[in-house]
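Here are my notes for your review. Please read them with the model open beside you.

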Amino acid sequence: MAVIGQRIRELRKNNGLTQRELAKVLNVGKTSLSHYEKEERTIPLEVVIKIANYFEVDINYILGTDSIIKSDKRILYVSDKEIEFLEEIRKISTYQNILISPKNYARLIEKKTKDYKIKM
């Protein structure tokens, strides 16, 4: 399972960076970063450390050995089911959908929470 590349891409996109911008920060080529994200090339440990430091996340999160996300100086413990749930919601949620039909959106959230047995 490709975790490292996926996590790097996710962190980059969630922070509004292009591959070129992140590559510059990491002092690597854009092509190298692209290969790391696609897991076509092994990423050097020092680059993984730079990524963890830059995004202020635990290195284990990038390596896929842990589902801990450090955000705003807090550590969040997230289960694999919660991550799966959030990924599903991100696929379908837009502000427009919420504004057009908040009741339908609320029903969807309720259904998804039952599917993942997350208590709100």
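1. Overall layout. Along the sequence, the chain runs α-α-α-α-α-β-β-α-α-α. That pattern comes from eight helices and two strands. Helices (H or I, at least four residues) and strands (E, at least two) are DSSP runs, numbered from the N terminus.

2. Basis of the values. This is a predicted model, where local features need pLDDT of at least 70, side-chain atom pairs count only at pLDDT 80 or more, and totals for chains, interfaces and linings use all residues. Residues are numbered from 1 along each chain as its sequence is written, and side-chain values use heavy atoms, with hydrogens and water left out.

3. Of the 120 residues in the chain, 32% are buried. Buried means under 20% relative accessible area, exposed over 50%, and partly exposed in between (1.4 Å probe, protein chains only). Contact means heavy atoms within 4.5 Å. Take the contacts between residues at least 6 apart in sequence: 48% of them join residues at least 24 apart.

4. Salt bridges. How many salt bridges does the rule count? The count comes to two. The rule asks for a side-chain nitrogen of Lys or Arg within 4 Å of a carboxyl oxygen of Asp or Glu. Side chains of opposite charge can pair when their charged atoms come close. Arg9, Arg12 and Glu37 are linked in a network of salt bridges.

5. Glu37 with Arg9. The closest N and O atoms of this salt bridge are 3.7 Å apart. The pair links distant parts of the chain, with Glu37 in helix H3 (residues 30-37) and Arg9 in helix H1 (residues 4-14). They are 28 residues apart. Glu37 is buried, at a relative accessible area of 2%. Arg9 is partly exposed, at 28%.

6. Glu37 with Arg12. Here the closest N and O atoms of the salt bridge are 2.6 Å apart. This pair also joins distant parts of the chain: Glu37 sits in H3 and Arg12 in H1, 25 residues apart. Arg12 is buried, with a relative accessible area of 7%.

7. H1 against H3. The two axes come within 7 Å and cross at roughly 120 degrees. That makes H1 oblique to H3. Axes are lines fitted to C-alpha atoms, for helices over the stretch in contact, and angles run from 0 to 180 degrees between N-to-C directions. Angles under 35 degrees count as roughly parallel, over 145 as roughly antiparallel, 65 to 115 as roughly perpendicular and the rest as oblique.

8. Residues where H1 meets H3. Which residues of H1 and H3 meet? From H1 come Gly5, Gln6, Ile8, Arg9 and Arg12; from H3, Leu33, Tyr36 and Glu37. By class, this contact has three nonpolar, two polar and three charged residues. Ala, Val, Leu, Ile, Met, Phe, Trp, Tyr, Cys and Pro count as nonpolar, Asp, Glu, Lys and Arg as charged, and the others, Gly among them, as polar.

9. Buried residues of H3. Ser32, Leu33, Ser34, Tyr36 and Glu37 are the buried residues of this helix. Their cover includes H1, H2 and H4.

10. In helix H4 (residues 45-55), Val47, Val48, Ile51, Ala52 and Phe55 are buried. Why do they fall on the same side of H4? They cover an arc of only 140 degrees around the axis, and that puts them on the same side. The arc is that of the directions from the helix axis to the C-beta atoms. Leu45, Glu46 and Asn53 are exposed on the other side of H4.

11. What H4 packs against. The buried residues of H4 pack against H1, helix H2 (19-26), H3 and helix H5 (59-63).

12. Positive phi values. Please check these backbone angles. Asn27 is not a glycine, yet has a positive phi of about 60 degrees. Asn27 lies in the loop between H2 and H3 and is exposed, at 66% relative accessibility. Glu39 has a positive phi of about 60 degrees, although it is not a glycine either. The loop between H3 and H4 holds Glu39, which is partly exposed at 36%. Just after H4, Glu56 takes a positive phi of about 55 degrees.
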